Amino acid sequence: MEQKLLENIRSFPTSEESRAYAWVDCNRAFKNKKLSIDELSKELFIFLASWGMLRGKAFLSAYNWRILRKVTEILKEEKYEKLYNPEIDVIKENLDKIMELYKRIDEALRPYHTGYEEKAVSSILVTKILLGSLGCSVAYDTNVTVALEESKIAEAKFSKESLISLCNFYAQNKALEEERQRIKKEHNIDYPPMKILDMAFWPAKD
């Protein structure tokens, strides 16, 4: 299985013109303290659009980037600075903060989430926001959840237990960190552990 996960990671293009690079642009933007809330919201909106969150009947498709202003303000709060591209030990130490942040993003978007049976915002959307901005969680979309269900590596939904299992899996599989360092050296892209895991699981249905 390890080889398949590495192949999945290597299948992601590193070209600046590729869809995959939208994550790099967004994530680096959130590190830049000179950018305004509006500028960051636009980058986040572009990232979400690039990865299917404005497709079809997705509720975001009825709005523009301004819907993300409050979310961006929350993400940029000083108390969440530790959650930017965190190493495994930092994630484990800050699980409560990640869970709190998830809840606050959900609550910030709910006023726009009208006319839907589910009051809560999709966990796919919230975790894609966490992945694209701070890199502190995988995005629990269909590909990732299918991979987790089949492999039993972690619970196939966003939870504290699932994040712990993912952290343990990453720590136990040194080849993932070695691949991360290879990409950093060869392409100057420093993917955090959760982004590496997201890429490892993403092409699950291919």
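This is a predicted model: local features need pLDDT of at least 70, side-chain atom pairs count only at pLDDT 80 or more; totals for chains, interfaces and linings use all residues.
## Basis of the description

Contact here means heavy atoms within 4.5 Å.

Two packed helices are described by the angle between their axes and the distance between the axes.

## Helices H1 and H11

Helix H1 spans residues 2-10 and helix H11 spans residues 193-201; their axes come within 7 Å and cross at roughly 100°. Because angles of 65 to 115 degrees count as roughly perpendicular, H1 and H11 are roughly perpendicular to each other.

On the H1 side, the contact involves Leu-5, Asn-8 and Ile-9, which meet Ile-196, Met-199, Ala-200 and Phe-201 of H11. Sorted by class, this contact of H1 with H11 comprises 6 nonpolar residues, 1 polar residue and no charged residues.

## Helices H6 and H9

The axes of helix H6 (residues 95-109) and helix H9 (residues 160-172) come within 10 Å, with a crossing angle of roughly 130°. H6 and H9 are therefore oblique to each other, and H6 passes H9 in a right-handed crossing.

H6 contributes Leu-95, Asp-96, Ile-98 and Met-99 to the contact, while H9 contributes Lys-160, Leu-163 and Ile-164. The contact of H6 with H9 has 5 nonpolar and 2 charged residues, with no polar residues.

## Nonpolar core

The largest nonpolar core holds 71 residues, of which Leu-44, Leu-109, Leu-166 and Phe-201 touch the most other members. Phe-201 is also one of the H11 residues that meet H1.

With residues up to four places away in sequence left out, Leu-109 touches Phe-59, Ile-67, Leu-68, Val-71, Val-121, Leu-125 and Ile-129.

Conventions. Residues are numbered from 1 along each chain as its sequence is written. Side-chain values use heavy atoms; hydrogens and water are left out. Axes are lines fitted to C-alpha atoms, for helices over the stretch in contact, and angles run from 0 to 180 degrees between N-to-C directions. Helices (H or I, at least four residues) and strands (E, at least two) are DSSP runs, numbered from the N terminus. Angles under 35 degrees count as roughly parallel, over 145 as roughly antiparallel, 65 to 115 as roughly perpendicular and the rest as oblique. A crossing is left-handed if the near helix is turned anticlockwise from the far one by less than a right angle, and right-handed if clockwise. Ala, Val, Leu, Ile, Met, Phe, Trp, Tyr, Cys and Pro count as nonpolar, Asp, Glu, Lys and Arg as charged, and the others, Gly among them, as polar. A nonpolar core is a set of buried Ala, Val, Leu, Ile, Met, Phe, Trp, Tyr and Cys residues joined through side-chain atoms within 4.5 Å. Buried means under 20% relative accessible area, exposed over 50%, partly exposed in between (1.4 Å probe, protein chains only).
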